[in-house]
Amino acid sequence: MERVDTAISPRYAQIPTFMRLPHDPNPSGRDVVVIGAPYDGGTSYRPGARFGPRAIRNESGLIHGVGIDRGPGTFELIDCVDGGDIDLTPFNMHIAMETAHRHLRDLLQDNAAFLMLGGDHSLTLAALRAVAEQHGPVAVVHLDAHSDTNPAFYGGEFHHGTPFRHGIDEGVIDPARTVQIGIRGHNPRPDSLDYARGKGVRVVTTDEFVETGVAGTHALIQELIGDRPVYVSVDVDVADPAFAPGTGTPAPGGLSSREVLALLRCVGELRPVGFDVMEVSPLYDHAGITSVLATEIGAELLYQYARAHIKGRNDA
Ligand SMILES: [Mn+2]
């Protein structure tokens with residue numbers, strides 16, 4: 001199977017898979033499988049992330065996979081396919097979580113890694129469970145406006161503000177090798193940052209990131225994580241609403257799209273084992289601004305995986 005050839009088909013033509021990758025619903029032996037997780041039953045405010053994967057794929061036809069600053073083409077270095085979507089119930093969080101966990105676990109039986117396109121952030125817990133079964137408790141690079149280590153809200157233990165608290169409590173994350181970047185805005189009580197810091201998570205607020213800069217934050221990540229298996233989770237709301245208006249819980253004062261992409265360029269120096277890009281809600285997007293950014297984040301993560309791959313870092 002080949003990618004759709006842009007020399008033959010214009011980028012807005014043909015059925016939209018992520019970055020025009022071949023669609024393979026039963027992937028095996030791949031380096032990275034792109035997988036959609038259309039679900040928003042965990043949202044606390046604006047809904048609509050269930051439509052995220054389709055919107056991201058739609059915009060991703062524009063992306064070639066050969067970036068000016070990226071060297072060789074990503075897909076000359078690694079074998080990727082679009083695995084389609086996980087069929088998730090729109091109704092029941094526990095069923096959705098279990099379905100996502102099972103699907104991602106099965107993917108990792110036969111493939112090295114996945115890039116999950118959300119969907120709300122609750123399903124990152126299913127992803128963390130799946131990668132931990134392969135690699136043990138993983139280090140995490142988490143870009144987000146929110147720590148997502150909250151307690152239960154409205155009687156619900158599992159929602160998009162909790163995946164990293166459960167990940168820590170279940171032992172699928174190594175909190176001492178976890179860094180959260182871009183945290184800002186308002187914080188309900190009890191204080192989720194107290195929880196995260198109390199477990200040893202390195203929380204880099206947006207103000208601290210502005211002081212430290214991209215290079216300083218790269219050094220911090222490298223120092224903290226080194227060669228340990230690392231999962232990278234990007235909540236698109238880490239970007240300012242000017243750059244990502246189409247999301248569930250926007251928080252002004254955030255990173256630029258350039259800062260988000262620059263931050264991810266250290267991932268190829270690490271040992272990445274899985275990725276997600278979450279919380280795109282096309283209902284609140286304008287001109288595809290948020291979906292275009294999510295697409296570019298996904299492309300950057302695949303390229304960073306390829307960089308790590310050619311150095312032999314993420315070989316099984
Ligand atoms: Mn989040």
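Helices here are DSSP runs of H or I with at least four residues, strands are E runs with at least two, and both are numbered from the N terminus. Keep in mind that this is a predicted model: local features need pLDDT of at least 70, side-chain atom pairs count only at pLDDT 80 or more, and totals for chains, interfaces and linings use all residues. Residue numbers start from 1 along each chain, following the sequence as written.

**Overall picture**

- The protein has nine helices and eight strands.
- Along the principal axes, the C-alpha atoms fill a box of roughly 55 × 40 × 40 Å.
- Of the 316 residues, 57% count as buried (20 or more other C-beta atoms within 10 Å of the residue's own; exposed is 12 or fewer, partly exposed is in between, and C-beta atoms are placed from the backbone).
- Take the contacts between residues at least 6 apart in sequence: 78% of them join residues at least 24 apart, where a contact means C-beta atoms, placed from the backbone, within 7 Å.

**Helix 4**

- Helix 4 has 12 residues and spans 16 Å from first C-alpha to last, close to the expected 16 Å (1.5 Å times one less than the number of residues).
- It's mostly covered, with 10 of the 12 residues of helix 4 buried.
- The buried set in helix 4 runs T124, L125, A126, A127, L128, R129, A130, V131, A132 and H135.

- G118 and G119 are joined by a cis peptide bond, with omega about 10°.
- G119 sits in the loop between strand 3 (113–118) and helix 4 (124–135).

- As a rule, most residues other than glycine have a negative phi, and most peptide bonds are trans.
- Q14, not a glycine, has a positive phi of about 75°; Q14 lies in the segment before strand 1 (32–37).
- Q14 counts as partly exposed because it has 14 C-beta neighbours inside 10 Å.
- Y154 isn't a glycine either, yet its phi is positive at about 50°; you'll find Y154 in the loop between strand 4 (138–143) and helix 5 (163–169).
- With 6 other C-beta atoms within 10 Å, Y154 is exposed.

Methods:
Contact = placed C-beta atoms within 7 Å.
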